[in-house]
Amino acid sequence: MAHTARRMFELLEPICLVTFFARECGEELAALGHRTYWDGYFASRAAPLGRVPAEVVHAAFYNFADGEAARHIPGAWETIPPEASVAARERGSAASLRRILGEEQAGSPGLVRAADLVTKAATSASMEGRVMYAGMRTLPVPGDPVARLWHSATMLREHRGDGHVAALVSARIGGTEAHVLSALAMGIHPAETFGRIHHLPKKRLAAVMDGLRERGLIDTEGHFTDAGRETQQGIEALTDELAAAPYDALSPTELDELVAVLDPITAKLVAAGSQ
């Protein structure tokens with residue numbers, strides 16, 4: 001099932017990425033009054049948790065540097081209710097999928113079947129220890145098939161993310177450290193140039209790199225050591241294992257069918273860069 005979880009991640013991630021890469025979600029959030037991309041991001045993604053303080057959002061999101069959540073939460077909710085932000089995110093994401101896929105594919109029986117099967121999986125798993133997933137489970141599942149496909153794929157993304165956080169914590173890898181390991185795994189060197197962390201203060205990044213060196217995970221030139229690569233691969237393997245539970249709800253036949261109906265949808269989104 002870990003193999004299944006990895007395959008489903010590859011198929012579903014391009015559906016979720018329209019939220020961050022395509023224009024419609026940003027336009028919907030800006031129309032509400034969010035001043036910046038990151039105001040809208042934090043407000044709409046954290047909204048299912050309720051009006052929790054920045055410290056809780058920081059803990060749940062895990063991979064943002066200290067103070068980043070506090071620059072947006074709770075300020076982004078002061079004039080815009082969380083419920084409005086999360087609804088705008090759904091509208092914009094569904095609109096992006098319709099535009100990229102086109103009318104024929106967006107209205108096809110295959111997409112409807114994909115939405116039904118993804119929703120069956122996404123609503124089947126335990127919520128224990130899954131904070132972001134549990135927040136998404138409190139939201140109503142949309143009736144529209146395109147919105148339902150995005151919503152349920154995003155539920156599974158947050159379920160996987162919660163498990164990834166657990167894997168990182170078990171390996172004693174912090175959020176910024178996780179970005180360094182990911183950058184190196186993608187062949188980005190120096191890792192400090194990775195887009196998710198390059199904006200951080202140089203002193204902060206240097207301390208992170210020094211800590212990874214002291215633990216023997218990277219060498220003096222900032223490349224993986226054998227132990228570092230093993231740690232990164234172990235985290236990914238455990239993430240796949242922890243992400244497998246939702247797919248137990250689907251029979252082998254349903255899993256095969258889901259892969260078949262998602263393949264052309266994902267291919268179209270990948271070709272467009274989910275934007």
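Mentor: This is a predicted model, and we can begin with its largest pocket, which has a volume of about 1,300 Å³.

Trainee: Which residues are the closest to the centre of the largest pocket?

Mentor: The lining of the largest pocket has 36 residues, and those closest to its centre are Phe9, Glu13, Asn63, Arg157 and Arg196. The elements that each give two or more residues to this lining are α1 (2–21), α3 (37–46), α4 (54–61), α8 (145–170), α9 (175–185) and α11 (226–242). Among these, α8 gives the most, with eight residues.

Trainee: What makes a residue such as Phe9 a lining residue of the largest pocket?

Mentor: The cut-off is that a lining residue has an atom within 4 Å of a point of the pocket, and Phe9 is counted in the lining, therefore it has such an atom.

Trainee: How many residues of each class are in the lining of the largest pocket?

Mentor: By class, this lining has 20 nonpolar, seven polar and nine charged residues.

Trainee: What is known of the second largest pocket?

Mentor: The second largest pocket has a volume of about 220 Å³, and of the 15 residues that line it, Trp38, Phe64, Glu68, Arg196 and His199 lie nearest its centre. Two or more residues of its lining come from each of α3 and α9. By class, the lining of the second largest pocket has six nonpolar, six polar and three charged residues.

Trainee: Why is α1 called roughly perpendicular to α11?

Mentor: The two helices pack at an angle of about 95°, with their axes 7 Å apart. Because angles of 65 to 115 degrees count as roughly perpendicular, α1 is roughly perpendicular to α11.

Trainee: Which residues make the contact?

Mentor: From α1 the contact uses Ala2, Ala5 and Arg6, and from α11 it uses Glu236, Asp240 and Glu241. By class, this contact has two nonpolar, no polar and four charged residues.

Trainee: How many helices and strands are there in the protein?

Mentor: The protein has 12 helices and zero strands.

Trainee: How do you know that the protein is as compact as a globular protein of its length?

Mentor: The radius of gyration is 19 Å, and the globule rule gives 19 Å for 275 residues, so the two values are close and the protein is as compact as a globular protein of that length. Along its principal axes, the C-alpha trace spans about 55 × 45 × 35 Å.

Key. Residues numbered from 1 in each chain as written. Predicted model: local features only at pLDDT ≥ 70, side-chain atom pairs only at ≥ 80, totals over all residues. Heavy atoms only, no water. 1 Å grid on protein atoms, 1.4 Å probe; cavity = no way out; pocket = protein on both sides within 12 Å on 5 of 7 lines; lining within 4 Å. Points joined across faces, edges and corners; volume = space filled by probe spheres on them. Helix = DSSP H or I, 4+ residues; strand = E, 2+ residues; numbered from the N terminus. Nonpolar A, V, L, I, M, F, W, Y, C, P; charged D, E, K, R; others polar. Axes fitted to C-alpha atoms, helices over the stretch in contact; angles between N-to-C directions. Parallel < 35°, antiparallel > 145°, perpendicular 65-115°, else oblique. Contact = heavy atoms within 4.5 Å. Rg over C-alpha atoms; globule rule 2.2 N^0.38 Å.
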